[in-house]
Each structure stands twice: as C-alpha cells, then as structure tokens.
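Keep the sequence and the 3D view side by side as you read.

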2 protein chains.
Amino acid sequence: MLQNDLLLRTLRGEKTERTPVWMMRQAGRYLPEYIAIRNKYGFFERCQTPELACAITIQPVDIVGVDAAILFSDILVVPQAMGLEVQLKENVGPLLPNPIKTVADLARVRVPDVDETLGYVFDAIKLIKQELNDRVPLIGFAGAPWTLLCYMVQGKGSKTFDEAKAFCYAQPELAHQLLQMITDTTIAYLKGQIKAGADTLQLFDSWGGLLSPADFEVLSLQYIRQIVAAVKDEVPTIIFAKGAWHSLDKMAATGAAGLGIDWCIPANMARQFAGNDIALQGNFDPAKLLSPIPVIEKEVREMLTAFGPNRHIANLGHGILPNVPVDHARAFVNAVKEFRFEH
Amino acid sequence: MLQNDLLLRTLRGEKTERTPVWMMRQAGRYLPEYIAIRNKYGFFERCQTPELACAITIQPVDIVGVDAAILFSDILVVPQAMGLEVQLKENVGPLLPNPIKTVADLARVRVPDVDETLGYVFDAIKLIKQELNDRVPLIGFAGAPWTLLCYMVQGKGSKTFDEAKAFCYAQPELAHQLLQMITDTTIAYLKGQIKAGADTLQLFDSWGGLLSPADFEVLSLQYIRQIVAAVKDEVPTIIFAKGAWHSLDKMAATGAAGLGIDWCIPANMARQFAGNDIALQGNFDPAKLLSPIPVIEKEVREMLTAFGPNRHIANLGHGILPNVPVDHARAFVNAVKEFRFEH
C-alpha cells in the first residue's frame, strides 16, 4: 500500500534497492517554512492543533525528500498529560516550574487516560496519514522513561542532570514508582499512536548516555524493555539511547527492530555489539551538515560504505542543528538516495 | 623523597599497598575555603598570583586528604598567552569576545615565549612544591589542542561546538595551522611546568568525545601524540579525553602512563581496550557524590573491585560538581583509602 516502504522493509530485515534516509528533528528550526508557522503559534498550540502538527510533519517530506515522516510533537507532552506543568520557551528549552522532589510531589502525578489527555496527538496522526496518502511511512515516538524523569525531576535542561540522578540515588523507591508510572503512560500512549496509524515507533532516550552502564540497566533499560515488549508485535520499534553504546547488545535483545546510534561509535563496532539481526540507524555527525556540500557528499558515501547495504537506515547521530542550510540537508538526503553499492 | 608517592608508583606500573585517589576539580567550588578566596579575587587574579594559586591548590590536600595536588589554573591561560582575550565569568563560563573564524583572525595569534606570558604559572608551581613540602606529588596540566581550538573558535562553551567543527570541516588547513600552534605552545608550557617542579602531567581533552573516531584521530590525537612524545621521558603523562572510549587503544600507544576514563565505560571494557601496560584513572560518576554517604561507600568498593589492585588511580569520571557536600567528597576519598583487596 505504501509507495515508499524502504524504512519498514529495512526494519523487517529485508534487502532493499537502496538505504532509506530520514533525519531526527527533520520537522524543525532549520526550515524557513517551519519558522513561518512558529512565528504565528506557540509551541503547544502547534502540537495540539492537528492541522498545524500535520503541516509541520509533512514539510520535510516535500522540501528535502526524506523516506519517512516523523510526527511533530515533543516528548514532554507525556509529563504534561501526567499532570505536570510544562513550559517550552523558544531558543531556551523546557521549564517545569514544579518538578518532582518528594513523596508529596509524586502524589501530584497520575497515569492519565491518554485518549482524554493526548487525543490531540492521535487526531494529528490520523490527519497526517490521510495527507501523506501513503507516500512514506509515519514514525510515532515517545521519550524513554529515564529521559522523561530527568526533566520531571530536574525541571529543566542540564548538562549533567545531577539533581535527577541524586533523586534516584537518594530515593530509589520513589524513582522506580515514577519510572513505572511513566512507563505505563507511555505504553498506553504508543498503543494509541499505533491505533491512530503510526507505522513504526521510536523511543528517544536522549539522556541514557549520562548513566553508567549499571545505572542504565536499572534506571532506563528495564523500563524500555517493558515498552518494547508491549508494542513490538504491532509495529517495529527503534530505540535511540544516545551515548549508550555499551548496552547495544542488551537493547538488541529487547526485541526492538532497530537501534539508533550516534556518530561517536564506528559502524563496525556498533554492528559487532548489536549483532546481525537488527537494523542500525545513524550516524552522521549533525555538525558535519555545516560542511561544504562536497564534504557532506563524500562523508555520506563513507558512512554508507561502512554500514553496508543491509539493515541500515541513514540518519544523523542526533537532531539536525537549527543553523544548517536547507540545501545542505537536501544534499545529505540526496547523497544517500543516489548511492548504489557495487555488486 | 615524597612521603606519599602512590600516584607516581601506580603510573610507573609498580604494585602499591593501596589505590591512590584524587578528584578532578578538587580545588574548586564545593569547598567553602575556595569560595572565601573567590569572593575576594577575580578568576585570573587567582591564577596569576602564586600565593593564591598555591593556597587553593593545597586546600583539598588538607581538607579532604587526596593523594595528589593538582595545580589551580585553567586550560584557557594558553589561548590567552597566545594573544586572545579570555574572560571567565563566575557561574557562566568562558567568553572569548574575538574568536578565530578567518585567516585574518589567525594572524592575531602567536606561539608565545612561555616564560614571558605564563611565568606566573611556573612561579606558582615552585611555591606549591615548597609549601607541599613533599607530602604528595603535584600534577601539572594543560588542555588538549582540540579542546582549546573549540573555545578559540566557538568563543564560548557549547553543547555541540558546532561552529568549531564547521571551521575545521570548511577550512581544514587553517584548523591544522591553529592546532599546530596550540601544540607548540603547549609543549613549551608543559616543559616549563616540569622544570618548575610538576611531578606528573594531565592533558584534558574535555571535548574529544564530541568527535567521531575518525575526526578524533585527525583533529585531536595526532597533536596529543606530539605533546606526549615531547614530555613523557621527563614525567609520566595522563591523557583524559572524555567520552573518547573508542580510541583508548590509540591513546595507550602514545606512550602515556595513564588514561582517564569517564563513568560510561565499564572497567573491564576500558582495560580490554587500553591493554595491560597503562594505568587507568577514574571513573566514579560525579553526580553519585550527591548520594547518601553509605551509597557512596558501597559504590566506591564496587569501583575498586572492578578495576582491581593494580594500575588504577581512583578518581571521578569528570570534575566534582559544585553542589557536592564536603563530607561526601571526604567520604569518597576515605572509602578508597580504607579499602583493601583480599589476598
């Protein structure tokens, strides 16, 4: 039914005529068409209005020609649905003015009815699927529980998320209660996304790489495992735990169909750690999109060669930077599309 | 001559009665005694006044009982000596108001006479050695050329240092000219530190982990190699390239005596990558010092057991956080000192 199902076939382990390509944060600030919408509507207004979320989601499909759309939303809609106030300030980042520090704070948080609190996301997905009209698959997503806890406890972005960690080390029972509540909410949320039409899902553990391997298992992976188990039989799932190269083997064992990797691990090591039965997604250095176009094209060819023709989804190793020229993003996508492996 | 030479003996590969311990940024903001000095003098005044640098350097030896002192200074004194204006704002970070972007900018930078421009550091080292009176060794240090380039080009701290990277990708010849000038300055600077009395040296490549493994070789490691080669026969040298676990084997091959590692790599993998002929330094999660003291003590024992009795220097995996209570820092140090391996 889909005209371009390269991404889904790669996630199923099938051979494809070429490597599929999309970019994390592709629906975002490097696009003048996105900025035009941003200048008129607040962040959550854009997320909560299906027509706006739909227009933004489809922009990069039309403008840079990626092989998949990813829902325009934010991982922090889940803490918001759970009862926490979330503010998103342009060019500053998220602010949760009443973060969770104590048992009393935890009592303010609930596992919500997702249709009631996040129905606008499901409506957006339905509209996007209709507007995409089977051109490319739609990726749904959620934040991993550890990464959401980071924001819910720290209350804002951080280089170290030391307050979130201190909360987990000092009050482990409370931390695990919260992580389980986030997990339960996320499972319901992702099932709702699937029901609305998402073709595949990505879990973003943006701060997984801040944890030691032992803490990553306890505070992050055991919850990711529950989520993947709950959805993997319905749609293929991609885990992107930035920086957590040390646990690629364990993440592969969850039953995920793909693993996102950043640019700080060579392709052959990632493949060795993850094993042969899973797709790898990445891993172009986002800052390299600021290079001259011939450098981008050369580096894309090197990346594709390093990963080889099978079970690879070309992507950046993290979100696209806001100062990337659109023609550089397009050069990245086109370089992937034009590459052919020699037989 | 030294009463406590555990650190130096560990760096030479000798067996020791216990594991030595110190903490990155141990002379810093978590100490009320440091804050008292900071409230009276500006940052560079503290660096440039040997009596102040000496007092700050020795504080953690007296207050928390570490096995080594590390010179109080900043890696940005080198760009300053090379002709760039550097401002250090408390609680904000560094600002270089005229960063390097073009050939013309590069012409403003020189390889300076280090005795003329950095003599105050050598004077501080002489005074510290005298005041330490052979209690513990003194560690000198410098920033690795890549990390210094990051600040000299970006002009301030950054999560991604994308402008510094773009400079290197778009103008590689200029970048390598600058990296070589930093390298030449750093070699002269470190030789001056040795002559003044530094017992060992650490090279901080704080942003090495932002580079892909291939870029790390080209933009960082080839310059680190020159520096280590120039000083390693005089004093043992430790390389700390945060996050660059993928190149531990190459760093070990430079002739360094020790490698710093962060908490995101398990001890056994670090040992496997680095080989058996080098000391490993680390790798306690700095945020874990915010845990209750019994948790700190338990985790220290686990760390020491994981690294084993030989060729390990206990340290944090990054600098100590400003919000760590002094008695937690002391608990960390004491837990290392009290631990004995069973025979």
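A residue is called buried here if 20 or more other C-beta atoms lie within 10 Å of its own. Exposed means 12 or fewer, and partly exposed covers the range in between. The model is predicted. Keep that in mind throughout.

Start with strand S5 of chain A, residues 200-205. Both of its faces are covered. On one side sit Thr200(A), Gln202(A) and Phe204(A), all buried.

To get from S5(A) to S6(A), the chain passes through helix H11, residues 213-231 of chain A. This β-α-β crossover is right-handed.

Now look at the sheet as seen in chain B. In what order do the strands lie? The order is S1-S4-S5-S6-S7-S8-S9, with 7 strands in an open sheet and parallel pairing. Its edges are strand S1 (69-70) and strand S9 (312-316) of chain B, and each pairs on one side only. S1(B) is joined to strand S4 of chain B, residues 138-143, by 2 bridges, and the two run parallel. Ala69(B) has Leu138(B) as its bridge partner in S4(B).

Leu138(B) turns up again in the surroundings of Asp199(B). Asp199(B) lies in the loop between helix H10 (172-196) and strand S5 (200-205) of chain B. It has 21 C-beta neighbours inside 10 Å, so Asp199(B) counts as buried. Setting aside neighbours within four places in sequence, Asp199(B) is in contact with Leu8(B), Pro137(B), Leu138(B) and Val235(B). Leu289(B) is another matter: 90 residues away along the chain, its C-alpha atom is 28 Å from that of Asp199(B).

Glu33(B) gives another example. This residue lies in helix H2 of chain B, residues 32-38. Is Glu33(B) buried or partly exposed? It has 15 C-beta neighbours inside 10 Å, so Glu33(B) counts as partly exposed. Beyond its neighbours within four places in sequence, its contacts are Gln59(B) and Ile63(B). Glu297(B) is 264 residues from Glu33(B) in sequence and 25 Å from it in space, C-alpha to C-alpha.

Return to chain A for a helix. Helix H8 of chain A covers residues 145-154. Of its 10 residues, 10 are buried, so H8(A) is largely enclosed by the rest of the structure. Among them are Trp146(A), Cys150(A), Tyr151(A) and Gln154(A). Just after H8(A) comes Gly155(A), with a positive phi of about 85 degrees.

Step back to the whole of chain A. It holds 15 helices and 9 strands. Buried residues make up 54% of its 343 residues. For a compact globule with 343 residues, the radius of gyration would be near 20 Å; chain A has 19 Å, which agrees. Along its principal axes, the C-alpha trace of chain A spans about 60 × 45 × 35 Å. Of the contacts in chain A between residues at least 6 apart in sequence, 74% join residues at least 24 apart.

Last comes the meeting of the two chains. In the interface, 24 residues of chain A are in contact with 24 residues of chain B. On the chain A side, helix H9 (residues 162-170) gives the most, with 5 residues. By class, that side has 14 nonpolar, 6 polar and 4 charged residues. How are the two copies related? Chain A superposes on chain B by a rotation of 180 degrees with 0.0 Å of shift along the axis, at an RMSD of 0.0 Å. The copies are thus related as by a two-fold rotation axis. Lys159(A) comes closest to that axis among the residues of chain A, at 4.0 Å (C-alpha). Finally, 100% of the interface residues of chain A are also interface residues in chain B, so the copies meet through the same surface.

Notes. Residues numbered from 1 in each chain as written. Chains lettered and ligands numbered in written order. Predicted model: local features only at pLDDT ≥ 70, side-chain atom pairs only at ≥ 80, totals over all residues. Contact = placed C-beta atoms within 7 Å. Helix = DSSP H or I, 4+ residues; strand = E, 2+ residues; numbered from the N terminus. Nonpolar A, V, L, I, M, F, W, Y, C, P; charged D, E, K, R; others polar. Pairing = 2+ DSSP bridges. Right-handed = clockwise from strand over helix to strand, strands pointing away. Least-squares fit on C-alpha atoms with pLDDT ≥ 70 in both. Rg over C-alpha atoms; globule rule 2.2 N^0.38 Å.
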